[in-house]
Amino acid sequence: MIDEKAVTDFIYREAELLDTMQWQGWLDLFHPEGRYWMPLEWQQQDPVLQPSLMYEDLLLLKVRVERLAGERTFSQKPKSRCHHLLQAPQIVACDTAAGVFKARTSYIYTETRGDMLERYSGWASHDFVLIGDALKIKLKRVDLINFDAPFGNIQLFM
């Protein structure tokens, strides 16, 4: 049975997988049709007809993970590292009968590589589906508070 605690635990586990660079474990959290979306506009509604910072399906996420894990990826020497500082997730919907599970989490994200340190703040919204007994990410939407600022290369995943 999926309850609010299970949804919250899932979000904390996802952050732990990212912070410890367990890329395959993180990818396994996604539904085969899952998406990772970082809008370019405040309250953006369409990731396809409007430009986005990122809008990636599972194939693109796998390509990025392979690049991050690759030994010949010289742009990742030294490797990037990250840390997610999460507020308690707000459960937006948790209806097992309907299969609807949604949460919104405020965060501060830090990414570092060598002597460079980048910090981002925003909200992550998760839409989950139930596959068997397991939650899977159907959509992870990452809204940055400073979405309109110029960014360097965001190497990892928020």
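Rings of Phe, Tyr and Trp (its six-membered ring) pair if their centres lie within 6.5 Å; planes under 30 degrees apart count as stacked, over 60 as edge-to-face and the rest as tilted. One aromatic cluster is formed by W23, W26, F30, Y36 and F157. The model is predicted, so local features need pLDDT of at least 70 and side-chain atom pairs count only at pLDDT 80 or more, while totals for chains, interfaces and linings use all residues. Residues are numbered from 1 along each chain as its sequence is written, and side-chain values use heavy atoms, with hydrogens and water left out.

Y36 and F157 form an edge-to-face pair, with 5.8 Å between centres and 90 degrees between planes. Y36 lies in strand β1 and F157 in the segment after β7, so this pair ties together parts 121 residues apart in sequence. Helices (H or I, at least four residues) and strands (E, at least two) are DSSP runs, numbered from the N terminus. Burial was assigned by relative accessible area: buried means under 20%, exposed over 50%, and partly exposed in between (1.4 Å probe, protein chains only). Y36 counts as buried, at 0% relative accessibility. F157 is buried as well, with a relative accessible area of 0%.

Nonpolar packing was examined next. In soluble globular proteins, nonpolar side chains tend to be buried together. A nonpolar core is here a set of buried Ala, Val, Leu, Ile, Met, Phe, Trp, Tyr and Cys residues joined through side-chain atoms within 4.5 Å. The largest such core has 36 residues. V7, W26, Y36, F157 and M158 have the most contacts inside this core. Two or more residues come from each of α1 (4–19), α2 (23–27), β1 (30–39), α3 (58–69), β5 (100–113), β6 (116–131) and β7 (134–144). Helix α1 gives the most, with five residues.

M158 illustrates the packing. Contact means heavy atoms within 4.5 Å. Neighbours within four places in sequence are left aside. M158 is then in contact with L18, Y36, M38, H84, Y107, Y109, Y120, K140, V142 and L144.

Charged pairs were treated separately. Side chains of opposite charge can pair when their charged atoms come close. A salt bridge is a side-chain nitrogen of Lys or Arg within 4 Å of a carboxyl oxygen of Asp or Glu. Six salt bridges meet this rule. E14 pairs with K140, with the closest N and O atoms 2.9 Å apart. This bridge links distant parts of the chain: E14 sits in helix α1 and K140 in strand β7, 126 residues apart. Both E14 and K140 are buried.

K138 forms a salt bridge with E33, and the closest N and O atoms are 3.2 Å apart. Here too the pair links distant parts of the chain, with K138 in strand β7 and E33 in strand β1, 105 residues apart. K138 is partly exposed, at a relative accessible area of 28%. E33 is exposed, at 51%.

E16 and R13 form a further salt bridge, with the closest N and O atoms 3.2 Å apart. Both residues lie in helix α1, three residues apart, about one turn of the helix. E16 counts as partly exposed at 41% relative accessibility. R13 counts as partly exposed at 37%.

Y55 belongs to strand β2 (residues 52–57). Y55 is partly exposed, with a relative accessible area of 32%.

M21 is not a glycine, yet has a positive phi of about 55 degrees. M21 is found in the loop between α1 and α2 and counts as partly exposed at 34% relative accessibility. Q43, also not a glycine, has a positive phi of about 55 degrees. Q43 is in the loop between β1 and β2 and is exposed, with a relative accessible area of 55%.
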